[in-house]
Amino acid sequence: DNKLLLEDLFPLNYLVVKLLPTISQRFAQNERTIFSFILGQEENSLRSLINSGEHLIGLSYIFDYFKSNFKMLDRNTEEYKLYATVNKIIQRIKGENRKLKIKLIKSLGIIYLSNLFFEIEPSKEVLMYELNISEKLFDKIQEELIEEDYLIYKRNFKHYKLNDGDDINIDKEVENYINNKLSKFDFIEPLNKYLDPGYFFP
């Protein structure tokens, strides 16, 4: 039963349990492994997080724990570029709900680094569960991140993606075009120029 399963996993949330083995298998080096995370006492390990007062461990903490591993990746790989994008974004985030926004960005980074979309999608529902917040607050946070060009929403897949500069935010481009071009266009003048009012008003 789901209730018993969640109790057995506590304080790890379901997403961590699903993705931690994959992250460890793909990126673990030297002492930083799934076992050291769970049993170790170093910074950002499970024990240190619990001792510091954390009650529910999500994906953002996995990003912090394996950060030193990600830094060692070949800089030409997509995985390193993704790690670098996460770091660049979280350094720029400021203002209201900064901690939640950083948590969202780190969690999204882990979901993409795991690349197990058939199990864990970068969707609204998954990210709301990860952040453990209301839909109203999530909508506010994601709208601000999109407006700040840190986040992109892929409507065709209903997925969120970090803005690494390679993607075009279609929704924002359309909005900008309407505001900057169409809103300033005078439709009346060309109509009066090319259409004879006499045809319409005998």
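Biologist: How do you know that the span of helix α7 (residues 78–92) agrees with what it should be?

Modeller: This is a predicted model, and the check uses its C-alpha atoms. At 1.5 Å a residue, the 15 residues of α7 should span 21 Å, and the end C-alpha atoms are 21 Å apart, so the two values agree.

Biologist: Which residues of α7 are called buried, and what makes them so?

Modeller: Buried residues have under 20% relative accessible area. In α7, Tyr80, Leu82, Tyr83, Thr85, Val86, Asn87, Ile89 and Ile90 are buried. Those buried residues pack against α5 (59–65), α6 (67–71), α8 and the strand β2 (159–162). In the chain as a whole, buried residues make up 40% of the 202 residues.

Biologist: Why are α8 and α9 called oblique to each other?

Modeller: The axes of α8 (residues 98–114) and α9 (residues 124–131) cross at roughly 125 degrees and come within 10 Å. Roughly perpendicular covers 65 to 115 degrees and roughly antiparallel begins over 145, so an angle between these ranges counts as oblique. The two helices are therefore oblique. The contact involves Leu100, Lys103, Leu104, Ser107, Leu108 and Ile111 of α8, together with Val126, Leu127, Glu130 and Leu131 of α9.

Biologist: Where in the chain is confidence highest, and where is it lowest?

Modeller: Confidence is highest in α8, at a mean pLDDT of 98, and lowest in helix α13 (residues 197–200), at 52. The mean for the chain is 86, and 77% of its residues reach 70 or more.

Technical notes:
Residues are numbered from 1 along each chain as its sequence is written. This is a predicted model: local features need pLDDT of at least 70, side-chain atom pairs count only at pLDDT 80 or more; totals for chains, interfaces and linings use all residues. Side-chain values use heavy atoms; hydrogens and water are left out. pLDDT is the predictor's confidence in each residue, from 0 to 100. Helices (H or I, at least four residues) and strands (E, at least two) are DSSP runs, numbered from the N terminus. The expected span of a helix is 1.5 Å times one less than its number of residues. Buried means under 20% relative accessible area, exposed over 50%, partly exposed in between (1.4 Å probe, protein chains only). Contact means heavy atoms within 4.5 Å. Axes are lines fitted to C-alpha atoms, for helices over the stretch in contact, and angles run from 0 to 180 degrees between N-to-C directions. Angles under 35 degrees count as roughly parallel, over 145 as roughly antiparallel, 65 to 115 as roughly perpendicular and the rest as oblique.
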